[in-house]
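Open the model in your viewer and keep the selection tool at hand. This tour moves from stop to stop and says what to select at each one.

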Amino acid sequence: MLYINGDIITMNAERHIIANGALLVRDNRIADIGKTSALVKAYPSEPTTDLGGKLVIPGLIDTHVHLAQSLLRGCADDKSLITWLCERVWVLQGCFEGDDGYAAARLCIAEMMKSGTTTFLEAMCADRYNFDRVAQAVEESGIRACIGKIVMDVGTYATQSPFSMHPGLIETREQSLLGTLAAREKWHGKANDRIHVWFGSRTPGGVSVQLFKEMTQLSRERGIRITMHCAEVEADKQYFRQGKSMTSF
Ligand SMILES: [Zn+2]
């Protein structure tokens, strides 16, 4: 198929933008690219789709997604982050059951794909969302995903000891760290390498020093990537000022 009459943002090394450009797609891959006039001449028998002057851009990459929260929009918009999480959002997420996580993943993925996102990083996939079903949602959709399986062993939030995650979300080292290894064994590289499994370490205060050490050692030994929330609230800065630094691991 030859897609014609689009303005193509190539993002190549020279940052070329091709006005009134065309793309030749063969076997699911871009086989040629250039001016519409040139490609129509070069491939005269190719069927065409007229893009009508639309922009053609590379797929977007969303580097921080919480799939589960797609079902919870608007539930506590007037709250500060920690209160928002501890009093509303985590309470609801902590009550996910059955295929709630799968439904949330499908909704979130559909919205990402509709807006041009072709790859995303899930920051913290909890056991409660059912990792297998979330991975299946990725597999079925055609999107690419790095799924950070939550790694944690502390339920409180940074220095905010009165606040805690909902019990339904709290996981142990065995569930979270070893669970990531099991999920990775099953899913990493699957769906034609569209699915990658990462460590999704929770927050600065959500992982004990011992668990951070164990996780980073496994990361180095096995090449497992890590994503985590680092400095999203003032309490995180206070936590780091107590002398606990991620660089020490
Ligand atoms: Zn986040």
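**Stop 1: a surface patch**

Select L55. Its relative accessibility is 60%, so L55 counts as exposed. Here buried means under 20% relative accessible area, exposed means over 50%, and partly exposed lies in between (1.4 Å probe, protein chains only). L55 sits in strand β5, residues 55-56. Helices (H or I, at least four residues) and strands (E, at least two) are DSSP runs, numbered from the N terminus.

Together, L55, I57 and L60 make a nonpolar surface patch of about 280 Å². Patches take residues with over 30% relative accessible area and no salt bridge; like charges are joined within 9 Å, and nonpolar side chains (Val, Leu, Ile, Met, Phe, Trp, Tyr) within 5 Å. Accessible areas come from the Shrake-Rupley method with a 1.4 Å probe, and for residues only the protein chains shown count as cover. L60 is in strand β6, residues 60-65. L60 counts as partly exposed because its relative accessibility is 38%.

**A word on the model**

This is a predicted model: local features need pLDDT of at least 70, side-chain atom pairs count only at pLDDT 80 or more, and totals for chains, interfaces and linings use all residues. Residues are numbered from 1 along each chain as its sequence is written, and side-chain values use heavy atoms, with hydrogens and water left out.

**Stop 2: the whole protein**

Zoom out. The protein has eight helices and 12 strands. Its C-alpha trace spans about 70 × 40 × 35 Å along the principal axes. Of the 249 residues, 42% are buried.

**Stop 3: the largest pocket**

Select N28, R29, I30, G59 and T118. Of the 20 residues that line the largest pocket, these are the closest to its centre. The pocket holds about 780 Å³ of space. On a 1 Å grid over the protein atoms alone, a pocket is an open set of points with protein on both sides within 12 Å along at least five of seven lines; a cavity is a set where a 1.4 Å probe fits but cannot get out; lining residues have an atom within 4 Å of a point. Grid points are joined across faces, edges and corners, and a volume is the space filled by probe spheres set on the points.

Colour β1 (2-9), β2 (17-26), β3 (29-35) and β7 (117-125). Each supplies at least two residues of the pocket lining. The largest share, three residues, comes from β3. By class, the lining has 10 nonpolar, seven polar and three charged residues. Ala, Val, Leu, Ile, Met, Phe, Trp, Tyr, Cys and Pro count as nonpolar, Asp, Glu, Lys and Arg as charged, and the others, Gly among them, as polar.

**Stop 4: the cavities**

How many cavities of 30 Å³ or more does a search of the whole structure find? There are two.

Select H66, Q93, M124, A126, Y129, I150, M165 and L169. They line the largest cavity, which has a volume of about 40 Å³. Six of its lining residues are nonpolar, two are polar and none is charged.

Then select L67, A68, G101, E122, C125, Y129 and V134. They line the second largest cavity. Its lining has five nonpolar, one polar and one charged residues.

**Stop 5: salt bridges**

The structure holds nine salt bridges. Each is a side-chain nitrogen of Lys or Arg within 4 Å of a carboxyl oxygen of Asp or Glu.

Select R26 and E46. Their side chains meet in a salt bridge (2.8 Å, N to O). R26 is in strand β2 and E46 in the loop between α1 (36-42) and β4 (48-50), 20 residues apart. R26 is partly exposed at 40% relative accessibility, whereas E46 is buried at 15%.

Move to D132 and K186. Their closest N and O atoms are 2.8 Å apart in a salt bridge. The pair links helix α4 (residues 131-141) to helix α5 (residues 173-187).

Finish at K149 and E171. This salt bridge has its closest N and O atoms 2.7 Å apart. K149 lies in strand β8 (residues 144-151), and E171 in the loop between β10 (160-164) and α5. K149 is buried at 1% relative accessibility, and E171 is buried at 4%.
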